[in-house]
Amino acid sequence: MVSADAVRTVVGIIGNIIALILFLSPVPTFTIIWKKKSVEQFSAVPYLATLFNCGMWILYGLPWFHPNSFLVLTINGSGFIIELVYLMIFLTYSDKKKRKHVILVALAVLAFIGVVALMVLTLVQSVKLRTTIVGSICMVGCFLMYASPLAVMKLVITTKSVEYMPFNLSLFSFLNGVTWTAYALIKFDPYIAAPNGLGTLLGMAQLILYATFYKSTKQQLAAKQSKLELGLADHYIVPVSSTDPKKFQNGAHV
């Protein structure tokens, strides 16, 4: 008979793969930002929240805080580096006001993680108590990561468009929540189970919104494209001269 630990390890490996895909799912979004040289209405909040979340789970996965959590440590270490790259790209193509705000929040996040690590290691001797303290903060970080798309969800409902809510991010947020909830329930870990259970529900809500407003988004994008093409056409049409009707026609010499 397969042991619970073996099953949990397999689920954890699957969770690592899905979480890595989740961390990489914004790549198309940043490709758009890079091509347009602008962040437009894209928000940095999901990436800042995920940076905080990954940083705290790195602490949780270290043996001084919660032994035997190697799979938690590996994926969140990878996620932390990926989020830093995203934020550097975001800063490159942000306006001055938004750039300043993102830098301040990112520095605050890094400072908070460093202070927590130093204080817990220095002041708390019991590994069990360290797990409780860091695990509780991790729960908050995970809640923030999963709740960060709420602002985008509000924008979707207001505009009836999912243009700024990437489908891949929503899908893999849902799958990530399901997998890590299962991981936490096999050998019960409330610090992983609670936030990922909520993440499952929020991911499902995003997918429902996407299905609801997918058609209207297509219509809006088509209308924008038509207006753009019409504007370009109007730009290149030159009125026929009343004095010399054969001199110019449709912007070209005759």
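Leaving aside its neighbours within four places in sequence, which residues is Ile 192 in contact with? They are Trp 57, Val 72, Trp 180, Tyr 183 and Ala 184, where contact means heavy atoms within 4.5 Å. Before we look around, please keep in mind that this is a predicted model, in which local features need pLDDT of at least 70, side-chain atom pairs count only at pLDDT 80 or more, and totals for chains, interfaces and linings use all residues. Residues are numbered from 1 along each chain as its sequence is written, and side-chain values use heavy atoms, with hydrogens and water left out.

- Ile 192 belongs to helix α9; helices here are DSSP runs (H or I, at least four residues), numbered from the N terminus.
- With 4% relative accessibility, Ile 192 counts as buried, a word that means under 20% relative accessible area, while exposed means over 50% and partly exposed in between (1.4 Å probe, protein chains only).
- Ile 192 and Ser 136 are 56 residues apart along the chain, and their C-alpha atoms are separated by 9.7 Å.

- Thr 131 sits in helix α6, which covers residues 127–147.
- This threonine is buried, as its relative accessible area is 9%.
- Neighbours within four places in sequence aside, Thr 131 touches Tyr 60, Phe 65, His 66, Ser 136 and Tyr 191.

**Aromatic pairs**

- You will find nine aromatic pairs in the structure; rings of Phe, Tyr and Trp (its six-membered ring) pair if their centres lie within 6.5 Å, and planes under 30 degrees apart count as stacked, over 60 as edge-to-face and the rest as tilted.
- Tyr 60 and Tyr 191 form an edge-to-face pair, because their ring centres are 6.3 Å apart and their planes stand at 65 degrees.
- Tyr 60 lies in helix α3 (residues 45–61) and Tyr 191 in helix α9 (residues 190–236), so this pair ties together parts that are 131 residues apart in sequence.
- Tyr 60 is buried at 1% relative accessibility, and Tyr 191 is buried with a relative accessible area of 16%.
- Phe 167 and Tyr 210 make a tilted pair, since their ring centres are 5.0 Å apart and their planes are at 55 degrees.
- Phe 167 is in helix α8 (residues 167–186) and Tyr 210 in helix α9, so the pair ties together parts that are 43 residues apart in sequence.
- Phe 167 is partly exposed at 35% relative accessibility, whereas Tyr 210 counts as buried at 18%.
- Phe 30, Tyr 47 and Tyr 86 are linked into a cluster by ring pairs.

Notes: Helices (H or I, at least four residues) and strands (E, at least two) are DSSP runs, numbered from the N terminus.
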